[in-house]
Amino acid sequence: IESVKQELKVDIDDDDERIVRTMDQATAIVLDFLKVEADAYEKDDGADDFPDIVYAGIVRVDMWMYDKPEDDPLTEAVRSMLHRSRDPALA
């Protein structure tokens, strides 16, 4: 949460619950776009181990949801960033 708060330029703890909630939602949105299961990047100890590009996409989606919750958080820039990591299987 601290790294996301730095990206959001939030230095107080008042929004921690909201940030955690939007982080969970952003993760779900990105994993859905990538067409991978929720545990695809999970280590043996249960912690997430996202590749840097996937983590960057999650943070960008989270930032968008935090700042503009009414807009589509999966922007064209995020789609382009994540496209190479996407499962190429047809839907």
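What pLDDT does the protein average, and what share of the residues score at least 70?

**Figure 1. Confidence across the predicted model.** This structure is a predicted model. The protein averages a pLDDT of 86. A score of at least 70 is reached by 97% of the residues. Among the elements, helix α4 (residues 76-82) has the highest mean pLDDT, at 93. Helix α1 (residues 2-8) has the lowest, at 80.

**Figure 2. Helix α2 from end to end.** Helix α2 covers residues 16-34. How far apart are its end C-alpha atoms? They are 27 Å apart. At 1.5 Å a residue, the 19 residues of α2 should also span 27 Å, so the two values agree.

**Figure 3. The buried residues of α2.** Eight names make up this view: I19, T22, A26, T27, V30, L31, F33 and L34 are the buried residues of α2. An α-helix has 3.6 residues a turn, so residues three or four places apart point the same way. What covers the buried residues of α2? The cover includes α1, α3 (52-67) and α4.

Figure 4. T27 is found in helix α2. Is T27 buried or exposed? T27 has a relative accessible area of 18%. Buried means under 20%, so T27 counts as buried. Leaving aside neighbours within four places in sequence, T27 is in contact with F50 and I58.

Figure 5. K35 follows α2. This residue lies in the loop between α2 and α3. Most residues other than glycine have a negative phi. K35 is not a glycine, yet its phi is positive, about 60°. K35 is partly exposed, with a relative accessible area of 31%.

**Figure 6. The largest nonpolar core.** This core has 14 residues. Which of them touch the most other members? They are V30, L34, V54 and V61. Helices α2, α3 and α4 each supply at least two residues of this core. The largest share, 5 residues, comes from α2.

**Figure 7. V61 and the second core.** V61 is one of the residues that touch the most other members of the largest core. Leaving aside neighbours within four places in sequence, V61 is in contact with A26, I29, V30, P73, L74 and V78. A second core, of 6 residues, is separate. Its members include V4, L8, V10 and V59.

Terms used. Residues are numbered from 1 along each chain as its sequence is written. This is a predicted model: local features need pLDDT of at least 70, side-chain atom pairs count only at pLDDT 80 or more; totals for chains, interfaces and linings use all residues. Side-chain values use heavy atoms; hydrogens and water are left out. pLDDT is the predictor's confidence in each residue, from 0 to 100. Helices (H or I, at least four residues) and strands (E, at least two) are DSSP runs, numbered from the N terminus. Buried means under 20% relative accessible area, exposed over 50%, partly exposed in between (1.4 Å probe, protein chains only). Contact means heavy atoms within 4.5 Å. The expected span of a helix is 1.5 Å times one less than its number of residues. A nonpolar core is a set of buried Ala, Val, Leu, Ile, Met, Phe, Trp, Tyr and Cys residues joined through side-chain atoms within 4.5 Å.
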